[in-house]
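Hello,

Here is the structure I said I would pass on. My notes on its side-chain contacts follow below it.

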Amino acid sequence: MKTKNIILRISFIAIISALIFIATAFITIPYAGGIGYFNVSDGLIMFSTVFLGPIVGIFSAIIGCSFGDLYAGFANCIPFTILAKSLEAIAVFLLYNSLSKTKYLKYISYFISPLFMVLGYIPYYLIYDDGQGVLALISSLFDLIQALAGGVIGITLHQMLSKVHLPSYYRKEALFKSKDSSTNTNNN
């Protein structure tokens, strides 16, 4: 069962990474000043993290967005992308799970967690703006719009696919089972 779990996670990471790469590289609008670009990958990152767990979400975000940056000619941005997208994925997972008992409040995590992504990119903007902050401010405003769009996309995907049955060995619940409880449960 453990081998099947690893193979499924790797498969999900590969598929979601490819989708995130497409959303990052091909569905873009460049920012003013050429310092970055608007893309719709955040919705996929947040959805995959909530729906498939933090391992799939974080690794998919890192791989897909890093290759997207490389493709778009922003190789110098990759370390900041790794930081920003990881923070976003971790935040959405923690917020969503802490609010998961509420009916609607849990969806606010799709709008709060992208703020961590915006914070992760501010050092990049300041470095490449010679510390003046003008482009950093403009780019961060565009990032906030991207975050809002990502939240809407993530919630939409969540609602559309929430009725899909996934066996527990690759859902996020499997990450929190103790060894005693995992031996006593049937993992489909």
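Phe-21 is partly exposed, with a relative accessible area of 22%, in what is a predicted model. That value is not under 20%, so Phe-21 does not count as buried.

The aromatic pairs number eight. One of them joins Phe-21 and Tyr-71 edge-to-face, with 5.9 Å from centre to centre and 85 degrees between the planes.

Another edge-to-face pair is formed by Tyr-96 and Tyr-107, at 6.4 Å centre to centre and 65 degrees between the planes. Tyr-96 belongs to helix 4, while Tyr-107 is in the loop between helix 4 and helix 5 (109–112), so the pair ties together parts eleven residues apart in sequence. Both Tyr-96 and Tyr-107 are buried.

On the charged side, the structure has one salt bridge. It is made by the side chains of Asp-42 and Lys-85, with 2.6 Å from N to O. Here too distant parts of the chain are linked, since Asp-42 is in helix 2 (residues 41–52) and Lys-85 in helix 4 (residues 78–98), 43 residues apart. Asp-42 and Lys-85 are both buried.

Regards

Definitions and conventions
Residues numbered from 1 in each chain as written. Predicted model: local features only at pLDDT ≥ 70, side-chain atom pairs only at ≥ 80, totals over all residues. Heavy atoms only, no water. Salt bridge = Lys/Arg side-chain N within 4 Å of Asp/Glu carboxyl O. Helix = DSSP H or I, 4+ residues; strand = E, 2+ residues; numbered from the N terminus. Buried < 20%, exposed > 50% of the residue type's maximum accessible area, 1.4 Å probe, protein only. Phe/Tyr/Trp six-rings, centres within 6.5 Å; stacked < 30°, edge-to-face > 60°.
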